[in-house]
Amino acid sequence: MASQEIETLTAALSRLPGLGPRSARRAVLWLIKRRDAALPQLLDALGAVHERLLECTTCGNVDTADPCGICTDPRRDQRALCVVEDVADLWALDRARLFTGRYHVLGGRLSALDGVRPEDLAIAPLLARVEQGGIDEVVLAMNATLEGQTTAHYIAERLEGMPLRVTQLAHGLPVGGELDYLDEGTLAQALRARRPMG
Ligand SMILES: [Zn+2]
């Protein structure tokens, strides 16, 4: 039987995406063995995230300021808005400055299976941002999954009749279709070849 401390940490880590109980146990053992070398660094990093990170109330990005660095960057194209499912997708697109406009994070995708409805996502705030005007193009950068595409079509419908272009990434149907698994070259290509939403 492991100690209560180990059990508690293992349980906490096993809730992380991609980590099951088995990987969590291995991570805990790794940390224990490197208690002095690795733990202080990890504690500092976790503490800093806990204390300083905020969700941008404009776009949903995570940063140390609200509005975030992207929303307030004057060098960015204010007329282009890229809509993504999650912050991880924003990071993937922004890693190499592939997109020079600003973003809007939905916080997920529509899913009948998981009971995710339009009102569960940041769709109303998106429409409010667009209605304020000044935006010429909305790029729908949803994942190439069934749910991602359903979400893109729903949003395109809601934007219909507004004086702007609605485009979507030209990625076909790569395996899984998750944006943040695509390499920068593929993402850049998908962005360059973006096409009007049909
Ligand atoms: Zn922001």
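Why does E55 count as partly exposed? With 15 C-beta neighbours inside 10 Å, E55 falls in the partly exposed class, because a residue is called buried if 20 or more other C-beta atoms lie within 10 Å of its own, exposed if 12 or fewer, and partly exposed in between, with C-beta atoms placed from the backbone. The model described here is predicted, and local features need pLDDT of at least 70, side-chain atom pairs count only at pLDDT 80 or more, and totals for chains, interfaces and linings use all residues. Residues are numbered from 1 along each chain as its sequence is written.

The protein has 8 helices and 7 strands, where helices (H or I, at least four residues) and strands (E, at least two) are DSSP runs numbered from the N terminus. The domain assignment, which is automatic or taken from a database, gives domain 1 (4-52) and domain 2 (62-196), and the centres of these domains, taken over C-alpha atoms, are separated by 32 Å. Along the principal axes, the C-alpha atoms of the protein fill a box of roughly 65 × 35 × 35 Å. Of the 198 residues in the protein, 25% are buried. Two residues are taken to be in contact if their C-beta atoms, placed from the backbone, lie within 7 Å, and among contacts between residues at least 6 apart in sequence, 56% join residues at least 24 apart.

E55 is placed in strand β1 (residues 54-55), and, leaving aside its neighbours within four places in sequence, E55 is in contact with G60 and V62. The C-alpha atoms of E55 and Q189, which are 134 residues apart along the chain, are separated by 29 Å. In the loop between β2 (62-63) and α4 (69-72) lies P67, and the peptide bond that joins D66 and P67 is cis, with omega about 0°.

An open sheet of 5 strands, in the order β4-β3-β5-β6-β7, shows mixed pairing, two strands being paired if DSSP finds at least two bridges between them. The edge strands, each pairing on one side only, are β4 (102-105) and β7 (195-196). Strand β3 (residues 80-84) pairs with β4 in the parallel sense over 4 bridges; in this pairing R102 of β4 is the bridge partner of L81, and C82 stands opposite Y103. The chain passes from β3 through α5 to β4 in a right-handed β-α-β crossover, a crossover being right-handed if, with the strands pointing away from the viewer, the path from the first strand over the helix to the second runs clockwise. In a regular strand the side chains alternate between the two faces of the sheet. In β4 both faces are covered, with R102 and H104 on one side and Y103 and V105 on the other, all of them buried.

Strands β3 and β5 also run parallel and are joined by 4 bridges, with V83 opposite L140 in β5. Further across the sheet, β5 and β6 pair in the parallel sense over 4 bridges, and E137 stands opposite R165 in β6. Together, β5, α7 and β6 make a right-handed β-α-β unit. Helix α7 (residues 146-159) lies across β3, β5 (137-140) and β6 (165-168) and runs at about 165° to β5, where axes are lines fitted to C-alpha atoms, for helices over the stretch in contact, and angles run from 0 to 180 degrees between N-to-C directions.

The largest nonpolar core holds 32 residues, of which C82, V83, V84, L93, V138, L140 and A141 touch the most other members; such a core is a set of buried Ala, Val, Leu, Ile, Met, Phe, Trp, Tyr and Cys residues joined through C-beta atoms within 7 Å. Two or more residues are given to this core by each of β3, α5, β4, α6 (123-131), β5, α7 and α8 (184-192), and the largest share, 4 residues, comes from β3. Leaving aside neighbours within four places in sequence, L140 is in contact with V83, A152, I155, A156, V166, Q168 and M197.

Helix α6 is also the place of P125, which is partly exposed, with 17 other C-beta atoms within 10 Å. The C-alpha atoms of P125 and I155, which are 30 residues apart along the chain, are separated by 12 Å.
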